[in-house]
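Please read it alongside the sequence and the model shown below.

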Amino acid sequence: FRLVSINKPETHWIILAVLCAGGYGTQFPAFAVLFSRTLAEMQGAEGASEVTSGVRPYAIGLGVLGIFSGFCIFGQISLFTFIGERLTKRLRAASFGKMLGLKVGYFDDNKNSSSSLTGRLATQASEVRGASAERLGLLVQNLVTLVA
């Protein structure tokens, strides 16, 4: 829950990213419906002109679905990456601020050398970002696909 409070400045971006993930999650059920109706229309048609006229709306629908899915996955990936990078920056700044407030004797220990502390700053904040931002998008996408 602390991550939620740290991510408060990006709330509107999170909502938009979740909507993009949800939109992309509807792609697979919508594709299944459109494709099955296309096949049913092709089986019931008698002649090339009837097939063409019957399948055309579904072909247009599949094209629109592809464009919609492209925008949704682009929005999902780019927005969650943006949110994650902002979170990483905020966490690193907070960690570095805490390190600056420590007593000098803390840095005398070998496990608290400048290189190990810098390494921790580089890796731990990124691990939190990976555990929060991209995973949330994938979770929403899969839940919407499951429900739809």
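The expected span of a helix is 1.5 Å times one less than its number of residues. Helices are DSSP runs (H or I, at least four residues), numbered from the N terminus. The model is a predicted one, in which local features need pLDDT of at least 70 and side-chain atom pairs count only at pLDDT 80 or more, while totals for chains, interfaces and linings use all residues. Residues are numbered from 1 along each chain as its sequence is written, and side-chain values use heavy atoms, with hydrogens and water left out.

Helix α3 covers residues 27-44, 18 residues in total, and its first and last C-alpha atoms lie 26 Å apart, close to the expected 26 Å. Its buried residues (under 20% relative accessible area, with exposed over 50% and partly exposed in between, for a 1.4 Å probe and protein chains only) are Gln27, Pro29, Leu34 and Thr38.

The structure holds two salt bridges, each defined as a side-chain nitrogen of Lys or Arg within 4 Å of a carboxyl oxygen of Asp or Glu.

| Salt bridge | N to O distance |
|---|---|
| Glu10 and Arg86 | 3.3 Å |
| Arg90 and Glu10 | 2.7 Å |

Through shared partners, Glu10, Arg86 and Arg90 form one network. Glu10 lies in the loop between α1 (2-6) and α2 and Arg86 in helix α4, so this pair ties together parts 76 residues apart in sequence. Glu10 counts as buried because its relative accessibility is 0%, whereas Arg86, at 36%, counts as partly exposed. Arg90, at 26% relative accessibility, also counts as partly exposed.

Notes:
Helices (H or I, at least four residues) and strands (E, at least two) are DSSP runs, numbered from the N terminus.
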